[in-house]
Amino acid sequence: MIHIEGLVFRYGEGDFRLAIPGLTVESATTTAFIGPSGSGKTTLLNLIAGIVRPQAGRIETRGVAISSLSDDERRRFRVTTIGLVFQEFELLEYLTVLDNILLPYRIHRALTLDAAVRDRATDLAERVGIADRLDRHPRRLSQGERQRVAVCRAVLTDPPLLLTDEPTGNLDPVNREKVLDILFDYVAESGTTLVSVTHDHEILQRFGRVVDFRDFRAFSDGFRKPGDA
Amino acid sequence: MRGTIYLAWRYVAFHRVKTAILVTAITLIIYLPAGLRVLVNQSSRQLTARADATPLVIGARGSPTELTLSTLYFGADVPERTHYAQAAEVEQSGLAAAIPMYVRFRTRDRPIVGTTLEYLDFRNLRVANGRRFAVLGECVVGARAAERLEVGPGDYVISSPESVFDIAGVYPLRMKVVGVLEYTDGADDDAVFVDVKTSWVIEGLGHGHQDLSLPEAAAGVLRREGNVVVGNASVMQFNEITPDNIDSFHFHGDLSGFPLTAVIAVPADQRASALLQGRYQSAELIQIVRPLDVMEQLLETILTVERFVVAGAVTVGAATLATTCLVFLLSLRLRRRERETLFKIGGSRTAVATVMTSEIVVVLAAGVGLALAFTALTQRYGDIVLRALIGA
């Protein structure tokens, strides 16, 4: 699904430098990126999503060398292939829950918003328990409900790859479990590949694979298995 | 494109208070100078058009503006009185036709204009329904006045007392409406026209009462001195002129001394106009005015005021515009994260910019649209406002 080779990335003239000699994520697997703040976990997600481009190296997702695509091609690839969930939910306060879920269809011409899409949005909302809140605005939702809206938005296009950045970082334990259940149930049902950045070691057991960013040199062979110390 | 505009629309609708304030600000920035311009243009056109059609006005010494406004627009302020003899004098000079005007009384809030049939011809006032006034006590009503008073031919209007506390004063006169004039979009639409003698009857200078020579009126006789019969206060006076009592109506005194508010003089040509103006130039008690001159002076004042108002509006407008721009810029900064989100989930820079600028465009379009609508309304109904302002 994802294949990275000789990746080098740095932000402008700053000290930060991310270098990954090699990394592969298989299809229909669940992978967690862990590591201290500033170690490059979110940056790698952004690179995989094609939001930023590396200075060197190659990133292939589903056989497409995303790092060599043009801006427009990368956007099109992202909106049709990748679902994104953020720690801060990133919902638009002026849109209702339903409009927030439908947002990808309003922002890119590659997607056509029709009745079937609306039905799917409603179905998803029902599955995650927010069907009775479709007309509400995000500020009238709990944190857990907001993240469920964000998950619905991310999976509405039925993407083969789901990238989540600290999806439970702002949630209490009860909501954390609910959101994770929703994510993992969806991934199991749809065969979607899940890559998630997290600081929460309590949830690592749920992932099939954990990548530790503390030692970049260990990337090629240093992956820990769930439950390892 | 539809999606991004939808997002902009949702943003504007969600922040409706902020949007309403911005739209109001933009509307005012545009409408204040534009509406004022329209109003000034209309007032210039209206004031000069009617003034231009009224060559000369003769009246008692006093405010030329008051005299002109009373004669042209039948304003509530009554100018100093002149006499009916003035009209005769103009006629006798052979220099101009004279139209007497007595604009003092009202029926409800509509002016009663005492004049002659020549006035109707002079202003080209045609009867839409009924006929012109022919005898004492009849009136014809302007189109708007007829609507406001809800009268037509066969109905009656009653003159309003000048003071409700003057119980010994003149009784209101009930006048029969014999015609309604065609709509002219001028001050004549709001007036009730009667013969000048009828207006003197309203004032009490002429009256009708029961015949004191008859035996049954003996109770009303105070004393008899030869042919002269003096009535007492119990004599019944008529407050309506009918075919049965019209013969009893009479005027005490010399008509030439009866009051007028003005005489409209219509000279045969420019030479006659100049000669007539020369005659009154040094008159102590009489003034002759060219309404066009008076109105142009008035306009000059209005234009000066407009210049001040526009200067103020432009200054305030510039400050408001700067504040509005600041609000937009701050809004864009505050929405940086939203832009990043839209970009991350697949929106192009152009699409994201379209969402942001559409909001500005929607607000600007609403502001400009409202300002244009208000300006159009001012264009349409400005004359009503103007008439109210000048008391016509």
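# Close-up views of a predicted two-chain model

**Figure 1. Packing of helices α2 and α9 in chain B.** In chain B, helix α2 (residues 16-52) packs on α9(B) at an angle of about 170°, and the two axes lie 9 Å apart. At that angle α2(B) is roughly antiparallel to α9(B), because angles over 145 degrees are placed in that class. The residues of this contact comprise 23 nonpolar, six polar and two charged. The model is predicted, here and in every view that follows.

**Figure 2. Packing of helices α3 and α9 in chain B.** Helix α3 (residues 64-73) of chain B meets helix α9 (residues 291-334) of chain B at an angle of about 110°, with 10 Å between the axes. The angle makes α3(B) roughly perpendicular to α9(B), since the range for that class runs from 65 to 115 degrees. The crossing of α3(B) and α9(B) is left-handed. From α3(B), the contact draws on B:Pro64, B:Thr65, B:Thr68 and B:Leu72, while α9(B) provides B:Pro291, B:Val294, B:Met295 and B:Leu298. Six residues of the contact between α3(B) and α9(B) are nonpolar and two are polar, with no charged residue.

**Figure 3. Packing of helices α6 and α7 in chain A.** Helix α6 (residues 143-155) of chain A and helix α7 (residues 173-190) of chain A have axes 9 Å apart and pack at an angle of about 15°. The helices α6(A) and α7(A) are therefore roughly parallel to each other, as angles under 35 degrees are classed in this way. Their crossing, that of α6(A) and α7(A), is right-handed. On the side of α6(A), the contact is made by A:Gln143, A:Gly144, A:Gln147, A:Arg148, A:Val151 and A:Val155. On the side of α7(A), A:Asn175, A:Lys178, A:Val179, A:Ile182, A:Leu183 and A:Tyr186 take part. By class, the residues of the contact of α6(A) with α7(A) are six nonpolar, four polar and two charged.

**Figure 4. Contact between chains A and B.** Chain B contributes 16 residues to the contact and chain A contributes 17 residues. On the side of chain B that touches chain A, α1 (2-14) and α10 (336-344) of chain B each supply at least two residues. The most is given by α1(B), with six residues. The side of chain B that touches chain A consists of seven nonpolar, six polar and three charged residues.

Figure 5. B:Ala13 belongs to helix α1 of chain B. With 11 other C-beta atoms within 10 Å, B:Ala13 is exposed, because a residue with 12 or fewer falls in that class. Between B:Ala13 and B:Glu359 the C-alpha to C-alpha distance is 9.9 Å, although 346 residues separate the two in sequence.

**Figure 6. Residues with positive phi in loops of the two chains.** Most residues other than glycine have a negative phi. A:Glu166, which is not a glycine, has a positive phi near 50°. A:Glu166 is located in the loop between β7 (161-165) and α7 of chain A. This residue, A:Glu166, counts as partly exposed, with 18 C-beta neighbours inside 10 Å. In chain B, B:Glu150 is likewise not a glycine and has a positive phi of about 55°. The loop that holds B:Glu150 runs between α6 (143-149) and β7 (156-158) of chain B. With 7 C-beta neighbours inside 10 Å, B:Glu150 counts as exposed.

Figure 7. Chain A contains seven helices and nine strands. Of its 229 residues, 42% are buried. Among contacts in chain A between residues at least 6 apart in sequence, 69% link residues at least 24 apart. The average pLDDT of chain A is 85, and 93% of the residues score at least 70. Over residues 217-229 of chain A, however, pLDDT stays under 50, and the model has 18 contacts beyond four places in sequence for this stretch. Where pLDDT is low, the predicted coordinates should not be read in detail.

**Figure 8. Overall context of the views in chain B.** Chain B has eleven helices and 16 strands. Buried residues account for 36% of the 392 residues in chain B. Of the contacts in chain B with a separation of 6 or more, 75% are between residues 24 or more positions apart.

Notes
Residues are numbered from 1 along each chain as its sequence is written. Chains are lettered from A and ligands numbered from 1 in the order in which they are written. This is a predicted model: local features need pLDDT of at least 70, side-chain atom pairs count only at pLDDT 80 or more; totals for chains, interfaces and linings use all residues. Two residues are in contact if their C-beta atoms, placed from the backbone, lie within 7 Å. Helices (H or I, at least four residues) and strands (E, at least two) are DSSP runs, numbered from the N terminus. Ala, Val, Leu, Ile, Met, Phe, Trp, Tyr, Cys and Pro count as nonpolar, Asp, Glu, Lys and Arg as charged, and the others, Gly among them, as polar. Axes are lines fitted to C-alpha atoms, for helices over the stretch in contact, and angles run from 0 to 180 degrees between N-to-C directions. A crossing is left-handed if the near helix is turned anticlockwise from the far one by less than a right angle, and right-handed if clockwise. pLDDT is the predictor's confidence in each residue, from 0 to 100. A residue is buried if 20 or more other C-beta atoms lie within 10 Å of its own, exposed if 12 or fewer, and partly exposed in between; C-beta atoms are placed from the backbone.
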